[in-house]
Amino acid sequence: FVEHPHMLAQFDANREASLLAQGFEPESSQAMIYERRLRQPDPTGWFGLSNVLASFFTAAFVVFGYSAFKAVRSTRWILLTSALLSLVVLALTGSKAGIAVAVLGSGLLVAARVLPSRLVPIACVAAIAIPPVAVMFRGLVGIPSNELSLLVRWFYMRGATRITGEELPLGVGPAGFQAAYQIAKPPESTEDVSSPHLIWLDYSSTLGLFAIPLIAALVWIVFRLGRSISSKKRSLHAISSQRVQLLRPVLVLSLIVPVLVGAWLEMQATPIENAMARLIGVLAWGGVAFMLVRAGGPPLTGLAAGAVVLLCHAELDMNMTLPGSVVLVMIMISLGSGSMKSYRIGLPRAVLPVVASASAIWLAYGSVSVWSWESGLRSSSAQLRDIVLERDELLAAGAQQWELAGLQDEFLIRADASLVSLESAYKTFPGDVRVARAAARLAMTVSGSAAERLDRISAVKVAERADGLLSTAVEHLSLIHI
């Protein structure tokens with residue numbers, strides 16, 4: 001409602017340049033796919049992908065719906081409203097896979113009431129098997145013929161299977177799938193994806209034989225979740241009211257502080273409406289969470305069904321591939337896997353302090369690098385943001401190119417400073433090819449502008465900087481592939 005119209009206005013004001021900046025010829029099939037997806041007003045949350053957002057709201061619908069079914073009358077209406085709102089957001093994402101796995105999760109809850117307890121884990125395995133079977137059925141049989149989402153996932157599956165077979169025993173590595181898929185993909189596939197959208201093929205193609213224990217662990221987790229779904233426990237742990245009173249300030253701070261920090265970090269790139277929406281959202285979700293605690297905690301059966309929903313969706317999308325979402329999936333799995341006996345592992349007293357100290361040192365060291373990288377990107381964006389927005393507004397108003405000549409000198413000055421910031425960010429993380437590519441594009445833009453002004457010395461120098469950036473990035477990718 002806020003960012004999308006503004007983004008489309010910027011794109012339409014300079015369509016060809018925007019497509020070329022992404023590496024697409026304006027009338028190519030890749031450009032058509034990119035533009036079609038760009039024009040879809042899908043909610044994405046903090047994940048950047050509407051399908052991943054749909055995955056979590058599908059799980060929320062299942063958990064809140066079952067919790068409302070089991071809750072007392074005083075809290076039932078809030079939980080039912082939360083379930084309905086989750087369903088509304090799921091509908092806004094337009095995710096057919098999300099809707100399908102919501103039906104699977106609801107079916108599991110029904111199965112838990114009618115099947116013997118020993119058969120519920122088998123029903124969970126069957127539910128997990130349905131998404132890849134549906135993909136293979138669409139690819140091999142061709143029914144339904146007008147369904148494209150499953151068809152493209154069939155292409156991903158074929159490419160990932162080929163990569164798995166050719167790259168044994170080590171796989172291509174977590175960052176190597178996209179490059180390998182460009183070679184292994186079927187001729188009908190027009191996309192160069194970074195994941196096969198199917199978690200066990202993601203593991204096998206990137207990790208090779210090392211994926212076997214991970215896949216075995218996933219199978220064991222599904223059986224454990226099945227035990228939880230058939231369990232009669234109310235919740236995983238009963239928390240005393242005294243402990244809730246003590247923990248409440250900590251919980252509130254842990255909810256609000258990350259949102260405030262995230263909004264501050266992104267304030268140069270996002271409007272104030274986004275920050276307000278996130279703050280309202282965290283307050284609303286926090287309120288619903290406290291209502292669940294007040295109701296005695298969410299039922300273990302609902303939590304486990306929600307976790308199975310996330311695993312089902314992981315076989316159609318990237319909720320267990322993106323760093324920002326896989327942690328939430330694992331938390332949901334751990335919450336839903338509490339029906340079996342816990343085991344305590346005895347460790348020497350010195351182990352925990354040593355591990356904690358090493359973790360703190362590693363976190364501090366990594367945070368400095370990330371902060372330096374983030375600062376470089378923010379500085380680069382801030383240098384050009386105002387003048388680019390001014391240019392786009394003039395273009396949207398119908399201004400001619402000669403009317404923009406007055407901005408050219410200011411753009412060149414700011415672009416050089418922006419390029420320095422991008423180069424600094426790239427030196428912090430030489431493996432981030434996206435930054436190298438962005439810096440090289442900006443360098444070539446500055447070089448072209450200098451050439452137009454007949455400043456050949458500056459044009460050559462800046463072009464050499466672009467060549468150096470891309471050469472370093474290519475060398476780094478070659479080392480990773482080897």
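Okay, let's start inside the protein, with C124: this cysteine is buried, at a relative accessible area of 0%. Keep in mind that we're looking at a predicted model.

So which cysteine sulfur is closest to the one in C124? That would be the sulfur of C312, 8.4 Å away, which is too far for a bond. C312 is buried as well, with a relative accessible area of 2%. And if you start from C312, its closest cysteine sulfur is the one in C124, again at 8.4 Å.

Let me zoom out for a second. The protein has 482 residues, and 39% of them count as buried. On contacts, take the pairs at least 6 apart in sequence: 71% of those join residues at least 24 apart.

Which of its residues are buried? N274, R278, V282, G286, V288, M291 and L292. Remember the general rule here: with 3.6 residues a turn, an α-helix has residues three or four places apart pointing the same way. Have a look at that list on α13 with the rule in mind.

Next, over to α5, residues 73-93, which is where you'll find T93. Is T93 buried or exposed? Buried, with a relative accessible area of 3%. Leaving aside neighbours within four places in sequence, T93 is in contact with D42, P43, S50, L53 and A54.

Last stop, the surface. There's a nonpolar patch made of V110, V114, L115, L119, I122, V125, V219 and F223, and together they have about 650 Å² of accessible area. Which helices supply at least two residues each? Those are α6 (96-114), α7 (120-141) and α11 (211-229). F223 sits in α11, and at 38% relative accessibility F223 counts as partly exposed.

Conventions. Residues numbered from 1 in each chain as written. Predicted model: local features only at pLDDT ≥ 70, side-chain atom pairs only at ≥ 80, totals over all residues. Heavy atoms only, no water. Buried < 20%, exposed > 50% of the residue type's maximum accessible area, 1.4 Å probe, protein only. Helix = DSSP H or I, 4+ residues; strand = E, 2+ residues; numbered from the N terminus. Contact = heavy atoms within 4.5 Å. Disulfide = S-S within 2.5 Å. Patch = residues over 30% accessible without salt bridge, like charges linked within 9 Å, V, L, I, M, F, W, Y side chains within 5 Å. Areas by Shrake-Rupley, 256 points an atom, 1.4 Å probe, with all protein chains shown as cover. Salt bridge = Lys/Arg side-chain N within 4 Å of Asp/Glu carboxyl O.
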